[in-house]
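Welcome! Let's take a friendly walk through this structure, starting with its sheets and ending at its ligand.

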Amino acid sequence: MKTLLIAEQRQGKLLDSTYELLGFTGRLNSETVMLLVGSKDSLPVYPGKLYLADVAKYGEYNPDVHKRLILEAVQKENPDLIVFLHSSYGWDLAPRVAAAMKLAQLSEVVDLADGQYELSCLNAKMHRIVAPKTSKAVVTIQAGAFPTAKPAQGTPQVEMLEVSDTASKIEFGGYETTQKEGLDLTRAEVIVSAGRGIGKKENIPIVAALAKALGGELGATRPVVDAGWLDHSHQVGTTGQTVHPKLYVACGISGAIQHLAGMKKSDFIVAINKDKDAPIGAVADVLVIADVVQFVPVLTDRLQK
Ligand code: FAD
């Protein structure tokens, strides 16, 4: 089996997610080849073949041209699987490649089992088990679902990739940060986050008071943000911020993979949940089985004293 991994750079810097792609293929035991549209100044630690297309020539993101580059590499390598991270890049580009090749596409793969793929669905409340009906397939993997597999050392054997047709109906206009000034969770040493388990917006001050007592910032899960209890600058996870504080306190948070991807590298994790089997328990150093609305004010009070 051969896998073509689509690595990503953003603004000239290789994304760490590249090593999650290697973690995924490590599970498959497959031969790997990599493709990167980027700069030669930020290549992965990877002792294999890497097709490099010069970002200066083809542009930071241009779906038509990036698709053509991938199809060119596919023609050279004939891979069985083409694998992207389920990032804004991957979820835009993967369907274009699958449609061009008339292949099955499996999105948001979170696990593998006996030749089948486990996909996240229904806002990650359920997993769906599927198998492609085509002999080859295009796959996107959920951030944080597979371990990072960074080789200790190794320089890729770079082969420059070219396409002659650079026509496109889309022009990349640049990146714009959506983060509000003043709240940069990525630099916080302590984060106390509210999940849906806090019950209602009126309970946010309970969690905010604990954050303040610990000298930390207030984080949140996506349902809390989607419900309008806090704004998006507080969101931790794959579609929020990725954080690594010294202390992370998860209040009424189940531990869905999209949330874990944003906080599991915290040094010390305390979770408060009334369900002793909540998945957050798997990454927590301390799991407090309690009603968050009753427990947190008592803890805050003790800390203040
Ligand atoms: P729930 O999963 O509903 O968990 C609530 C928890 O609270 C449960 O464990 C429950 O036992 C506990 N609880 C209930 N009442 C109490 C109580 N009184 N006391 C103590 N515990 C209590 N999510 C993110 O967080 N960040 C993201 O960036 C993100 N991106 C996503 C991207 C995509 C493409 C998708 C599909 C989903 C994304 N999600 C993200 C959503 C994610 O899948 C989960 O739905 C979400 O993280 C769950 O949030 P939660 O833990 O607050 O809620």
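Nine strands line up as β9-β8-β7-β10-β6-β1-β4-β5-β11 in an open sheet with mixed pairing. Strands here are DSSP runs of E with at least two residues, helices are runs of H or I with at least four, and both are numbered from the N terminus. Two strands count as paired if DSSP finds at least two bridges between them. At the edges of this sheet stand β9 (126–130) and β11 (157–160), each with a single partner strand, so one side of each has no neighbour in the sheet. From one strand to the next, the twist averages 35°; such angles run from 0 to 180 degrees between N-to-C directions, with axes fitted as lines to C-alpha atoms.

A word on the source: this is a predicted model, in which local features need pLDDT of at least 70 and side-chain atom pairs count only at pLDDT 80 or more, while totals for chains, interfaces and linings use all residues. Residues are numbered from 1 along each chain as its sequence is written, and side-chain values use heavy atoms, leaving out hydrogens and water.

There is also an open sheet of five strands, in the order β13-β12-β14-β15-β16, and its pairing is parallel. Here β13 and β16 (286–289) are the edge strands, each with a single partner, so one side of each is left without a neighbour in the sheet. The twist in this sheet averages 20° from one strand to the next.

Which strands pair in parallel, and over how many bridges?

| Strand pair | Bridges | Bridge partners |
|---|---|---|
| β1 (2–6) and β4 (31–38) | five | leucine 5 and methionine 34 |
| β12 and β14 (247–251) | five | valine 190 and leucine 247 |

Together with helix α5 (residues 204–213), β12 and β13 make a right-handed β-α-β unit: with the strands pointing away from the viewer, the path from the first strand over the helix to the second runs clockwise.

Now to the ligand. It is surrounded by 28 residues, and among the closest are Arg196 and Thr221; a residue belongs to this shell if one of its heavy atoms lies within 4 Å of the ligand. Helices α6 (222–226) and α7 (257–263) each supply at least two shell residues. Polar contacts are pairs of N or O atoms within 3.5 Å. A polar backbone atom of arginine 196 is 2.7 Å from a ligand oxygen, and a polar side-chain atom of asparagine 273 is 2.8 Å from an oxygen atom of the ligand.

Technical notes: A polar contact is a pair of N or O atoms within 3.5 Å; within protein, one must be able to donate a hydrogen and the other to accept it, and residues adjacent in sequence count only if both atoms are side-chain atoms.
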